[in-house]
Amino acid sequence: MLVDTHTHLYLDEFSADRMETVQRAIDSGVEKMIFPNVDLSTLEPMKQLHAQFPRHTYMAIGLHPTEVNADWQSSLQTIHDEFEANPQAYVAIGEIGIDLYWDKTFRAQQMEVFGHQIEWANAHNLPIIIHCREGLDDVLEVIRGAGKVPRGVFHSFGGTIEDVDRIREVGDFYFGINGIVTFKNSRLSSVLPHIGTERILLETDSPYLAPVPKRGKRNESSYIVHTADFVASSLGCTSDELQAITTRNAADLFDLA
């Protein structure tokens, strides 16, 4: 069994074949999928798809850092109200964090929003799903400043051994590994042994970052098998062994039934 710990199958990219895409994942052995929210517009589509596959899907709620703008307070309050109205519906707060790749205009606001959402997670004893793109210094600063270091995963991790060590100085986090690890120019496979199987989670980040041999196509959760096989080979274990370990890791972090 596989768990896709980060997939956005509720987005418009899947409007033509959404149900079939989810079923392909299930048929491929992806028994559980976690949907992280993006912004206000994605809440309802995410909830609707989860309602159609309640045995196989879970939800996380949060405001993505690239969606932090001049109206961030209103957006964050609406998401907070949605969460507090039904906190048991969510297995994590996410995806949240810092993204300075496209625009640094709202850097301070991203840090503030990230901090608020860590507070939600800590108040409800939930893990966080961290989006970090060219923002590791700021992410670690915010986490250090939290009243309590949260549990969580660095989603779509593509960093170095040094980055892993810096993160571990702050907390015992998991690392979400997706199709990036299969790319020819990626050095992530050499970092995997340093992370260790006990802190690896598998994900797709669908519809983005499709793994080899599907690179260039729209990504979907069924493609996680290619990432699993590549990671297992890199670590010198069988795919079945890796699947068992990463499934247990996901169940432990997100408290999955």
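Six of the seven residues of strand S2 (residues 30–36) are buried, where buried means under 20% relative accessible area with a 1.4 Å probe and protein chains only. The model is predicted, so local features need pLDDT of at least 70 and side-chain atom pairs count only at pLDDT 80 or more, while totals for chains, interfaces and linings use all residues. Residues are numbered from 1 along each chain as its sequence is written, and side-chain values use heavy atoms, without hydrogens and water.

**Strand S2 and its partners**
- Strands are DSSP runs of E with at least two residues and helices are runs of H or I with at least four, numbered from the N terminus.
- Strand S1 (residues 2–4) runs parallel to S2 over three bridges, and two strands pair if DSSP finds at least two bridges between them.
- Asp4 stands opposite Met33 in S2.
- From S1 the chain passes through helix H1 (residues 18–27) to S2 in a right-handed β-α-β crossover; right-handed means that, with the strands pointing away from the viewer, the path from the first strand over the helix to the second runs clockwise.
- S2 also pairs in the parallel sense with strand S3 (residues 57–61), over four bridges, and Phe35 stands opposite Met59 in S3.

**Largest pocket**
- A pocket is an open set of points on a 1 Å grid over the protein atoms alone, where a 1.4 Å probe fits, with protein on both sides within 12 Å along at least five of seven lines; lining residues have an atom within 4 Å of a point.
- The largest pocket has 28 lining residues, with Asp99, His131, Arg133, His155 and Ser156 nearest its centre.

Conventions. Buried < 20%, exposed > 50% of the residue type's maximum accessible area, 1.4 Å probe, protein only.
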